[in-house]
Amino acid sequence: MLVLSRVVGEMISIGDDISIRVVAVDGNNVRFGIEAPRSINVHRAEIYERIKKKLPKKKKSVE
């Protein structure tokens, strides 16, 4: 895991297509702005877990 310190306005880049900007810090709350191509879904972790639970499970192939 990479751990970084950033201040409001600074960015983190992930590859060529994804940027995360610190928009605001208020006590223990941090607000981020995330820029990514529309083809990449961006969700909070708890929402992503709910989505994964609703998807049909993939069958393992037998070789």
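Glu-49 and Lys-52 both belong to helix α1 and are three residues apart, about one turn of the helix. Helices (H or I, at least four residues) and strands (E, at least two) are taken as DSSP runs and numbered from the N terminus. The two residues form a salt bridge in which the closest N and O atoms are 3.5 Å apart; a salt bridge is defined as a side-chain nitrogen of Lys or Arg within 4 Å of a carboxyl oxygen of Asp or Glu. Glu-49 counts as partly exposed because its relative accessibility is 38%, and Lys-52 counts as partly exposed at 39%. Here buried means under 20% relative accessible area, exposed over 50%, and partly exposed in between (1.4 Å probe, protein chains only).

The model is predicted: local features need pLDDT of at least 70, side-chain atom pairs count only at pLDDT 80 or more, and totals for chains, interfaces and linings use all residues. Residues are numbered from 1 along each chain as its sequence is written, and side-chain values use heavy atoms, with hydrogens and water left out.

A search of the whole structure finds three salt bridges. Side chains of opposite charge can pair when their charged atoms come close. Arg-44 lies in the loop between β3 (29-35) and α1 (45-54), and forms a salt bridge with Glu-46 with the closest N and O atoms 2.8 Å apart. The side chains of Arg-44 and Glu-46 also make a polar contact (2.8 Å), that is, a pair of N or O atoms within 3.5 Å; within protein, one must be able to donate a hydrogen and the other to accept it, and residues adjacent in sequence count only if both atoms are side-chain atoms. Arg-44 is classed as exposed because its relative accessibility is 53%, whereas Glu-46, at 43%, is partly exposed. A salt bridge also joins the side chains of Glu-10 and Arg-6 (3.6 Å, N to O). Glu-10 is partly exposed at 30% relative accessibility, and Arg-6 is partly exposed at 38%.

Strands β1 (residues 11-14) and β2 run antiparallel and are joined by four bridges; two strands pair if DSSP finds at least two bridges between them. In the hairpin of β1 and β2, three residues lie between the strands, and Gly-15 takes a positive phi near 65°. Strands β2 and β3 also run antiparallel, with seven bridges between them. Ile-20 stands opposite Ile-34 in β3. The hairpin of β2 and β3 has two residues between the strands, and Gly-27 there takes a positive phi near 65°.

Ser-19 is located in strand β2 (residues 18-26), where Ser-13 stands opposite Ser-19. Ser-19 is buried because its relative accessible area is 17%. Not counting residues up to four places away in sequence, Ser-19 touches Met-11, Ile-12, Ser-13, Gly-33, Ile-34 and Glu-35, contact meaning heavy atoms within 4.5 Å.

Val-8, Val-25, Val-30, Phe-32, Ile-34, Ile-40 and Val-42 make a nonpolar surface patch of about 590 Å². Patches are made of residues with over 30% relative accessible area and no salt bridge, with like charges joined within 9 Å and nonpolar side chains (Val, Leu, Ile, Met, Phe, Trp, Tyr) within 5 Å. Accessible areas come from the Shrake-Rupley method with a 1.4 Å probe, and for residues only the protein chains shown count as cover. The largest share of the nonpolar patch, three residues, comes from β3, the strand in which Phe-32 is placed.
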